[in-house]
Amino acid sequence: MREWLPQYDMAWLRLDIVAGITVAAAVIPEGLAYASLANLPPQTGLYAGLMAVGVYLFLGTSRQVIVGPTSALAILLASGVGSVAAGNVASYSSLVVVTTLLVGVVAVIAWTFRLGFLVHFISETVLTGFSAGAALYIMSTQLGKLFGIEGASGPFYQRIWYTISHLGETNPETLTVGIAGITLLILGERLLPRAPNALIVVILSIVLMAVTNLEARGVDIVGSIPSGLPSLTVPAIPDISTLSALTPIAVALFLLSYVEGISAVETFARRHDYRTDPNQELLADGVANLAAGFGGGFVVGGSMSRSALNDAVGGKTQLTNAVVALVLVVVLLFLTGVFRTLPETILAAVVIVAVKALIDTTALRQLYHVSKSEFAIAMAALLGVLTVGMLWGVFVGVVLSLLVTVSQVSNPSTHELGQIAETDHFVALDLNPAATTLPDVFVYRVEAELFYANADTVRSDFLDRLAERNSVELVVFDLTSSPTVDFGAAQTLEKLQQKLESRGIDLRFAGAESDVVQMFETTGLAAKAGGVNPEESIAAVIDRWRVEQSS
């Protein structure tokens with residue numbers, strides 16, 4: 001807050017107020033819907049939203065991001081904690097609070113150790129597939145409410161099959177209201193993208209229930225929602241075995257919460273050209289979840305859809321969160337009774353339309369045409385969610401991301417370099433055919449950091465390329481693109497130097513960072529390679545070698 005409040009321009013106040021009211025109009029129906037998705041009382045969604053925006057106002061670094069319940073977090077929470085609670089309703093509510101607090105603790109620990117950079121190890125490819133799978137999974141959980149069919153449960157395919165095999169039990173009035181809600185929401189998105197479409201549809205459905213006898217004809221409603229602000233909730237501490245079962249769920253929820261949030265943070269920071277702090281966002285995420293837990297809510301994270309709405313209607317600063325919080329306070333104190341006759345099928349419609357944006361068909365098509373292997377990774381993440389559920393789907397995504405990262409750094413791009421005529425510049429031969437090689441010099445570059453996992457791959461590639469050259473007396477290993485070299489890689493380079501020396505070839509290094517020079521001096525490689533100077537150019541290394549040879 002101290003970052004933006006002193007620089008606040010009063011010309012932004014009207015925009016922030018309008019944006020806050022508009023966003024609150026989306027937060028209310030989505031909060032009710034996501035509470036239902038999490039198998040919790042509807043007011044808990046409003047509690048979670050209130051506590052989250054209150055915290056982000058003071059700790060967040062994004063001017064547009066809105067934190068609160070999200071569909072993916074709600075369904076992951078329900079599936080994960082539901083399996084631990086094993087059908088005990090009272091136990092489930094308490095375990096949800098414990099899990100939410102655990103998510104906050106994990107995030108604060110990550111902030112303490114400044115682990116914000118870890119999110120970058122989860123690739124966009126995996127996120128694209130995971131998000132699409134999450135959207136389909138979430139949609140499947142809403143089919144029962146949409147059709148008025150009771151009893152659908154289990155993984156994605158079981159829910160789909162149950163719905164298909166029980167279509168004869170569909171409540172026509174429920175389905176009609178739900179389809180009408182979906183139609184109005186989609187039309188609203190296309191024709192009035194800045195309008196509070198979800199709230200409008202919710203109000204229309206409440207009016208419809210008031211002037212018809214649809215409730216008597218089997219259209220389920222939300223029911224009474226307690227009024228009043230959230231009170232302090234301190235759950236009973238579960239036993240060690242239960243905590244052990246909840247911990248991986250909390251870690252998965254933390255990963256999903258932070259990834260969702262930081263993706264939105266970075267998106268709007270780039271769009272409006274300002275800086276954010278990934279580590280500070282960890283603290284904001286952690287404290288927001290702690291507040292949501294103690295406030296009787298459930299897990300929260302940054303919402304891309306509500307943040308996009310905030311940006312679209314002109315929200316300028318975090319003050320928007322204060323306006324959202326104020327509107328939620330008014331609703332909780334005075335207006336909860338309005339939502340008593342809200343049809344459950346409309347909440348399903350809100351969820352279905354909200355999550356459809358998670359299916360990025362354009363990105364999937366692009367992946368398919370650009371890289372079949374990355375498309376396969378995205379599909380694996382998608383299928384992981386649909387087959388083993390949201391919880392393990394998160395870990396499938398994380399493991400795939402790490403495997404992709406390890407694969408990329410273990411098999412880095414390499415080049416033989418050639419000299420641009422009448423200059424001291426050396427460039428990749430495969431990218432610049434006009435460049436030429438020196439008959440007695442072989443110049444080689446790795447486009448990655450050198451460490452134990454890629455050292456042997458680099459060594460084999462280097463020797464294969466060198467074998468194609470005759471009469472080489474000097475090898476220059478250009479480290480311009482390798483700012484770090486670990487001990488394992490340094491040992492590999494030392495063995496390479498010995499192998500080249502036995503063949504009468506000198507090995508020298510160019511473009512080395514000061515830390516790399518220190519590593520080479522400590523291991524003794526620098527002395528064996530004729531001395532290594534920080535950031536010495538390739539041309540300078542070659543000239544120095546020629547002077548030594550002539551003396």
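1. Let's start at leucine 525, which counts as buried because its relative accessibility is 0%; buried means under 20% relative accessible area, exposed over 50%, and partly exposed in between, using a 1.4 Å probe and protein chains only. Leucine 525 sits in helix α19 (residues 525–528). Helices here are DSSP runs of H or I with at least four residues, strands are runs of E with at least two, and both are numbered from the N terminus.

2. Before going on, a word on the source: this is a predicted model, where local features need pLDDT of at least 70 and side-chain atom pairs count only at pLDDT 80 or more, while totals for chains, interfaces and linings use all residues. Residues are numbered from 1 along each chain as its sequence is written, and side-chain values use heavy atoms, with hydrogens and water left out.

3. What does leucine 525 touch, leaving aside neighbours within four places in sequence? Its contacts (heavy atoms within 4.5 Å) are Ala490, Leu493, Glu494, Gln497, Phe509 and Phe520. Glycine 49 is another story: 476 residues away in sequence, its C-alpha atom lies 59 Å from that of leucine 525.

4. Now zoom out. The protein has 551 residues, and 52% of them count as buried. You'll find 20 helices and 7 strands, and the C-alpha atoms fill a box of roughly 100 × 60 × 50 Å along the principal axes. Among contacts with a separation of 6 or more, 80% join residues 24 or more positions apart.

5. Next, the cores. A nonpolar core is a set of buried Ala, Val, Leu, Ile, Met, Phe, Trp, Tyr and Cys residues joined through side-chain atoms within 4.5 Å. The largest one has 120 residues, and Phe298 and Met390 touch the most other members. Helix α9 gives the most to this core, with 14 residues. There is also a second, separate core of 31 residues, with Phe477, Val485, Leu493 and Leu507 among them. As background, nonpolar side chains in soluble globular proteins tend to be buried together.

6. Have a look at the largest pocket too, at about 1,500 Å³. A pocket, on a 1 Å grid over the protein atoms alone, is an open set of points where a 1.4 Å probe fits, with protein on both sides within 12 Å along at least five of seven lines; lining residues have an atom within 4 Å of a point. Grid points are joined across faces, edges and corners, and the volume is the space filled by probe spheres set on them. Of its 49 lining residues, Ser303, Met304, Ser305, Ala357 and Leu358 lie nearest the centre. Helix α9 (residues 240–272) gives the most to the lining, with 8 residues.

7. Buried in α16 are Asn454, Ala455, Val458, Phe462, Leu463 and Leu466, and they pack against α15 (372–410), β5 (441–446), β6 (474–478) and α17 (487–502).

8. Finally, is asparagine 321 buried or exposed? Asparagine 321 is buried, because its relative accessible area is 1%. It belongs to helix α12 (residues 319–335). Beyond neighbours within four places in sequence, asparagine 321 contacts Val53, Tyr56, Leu57, Val65 and Ile66.
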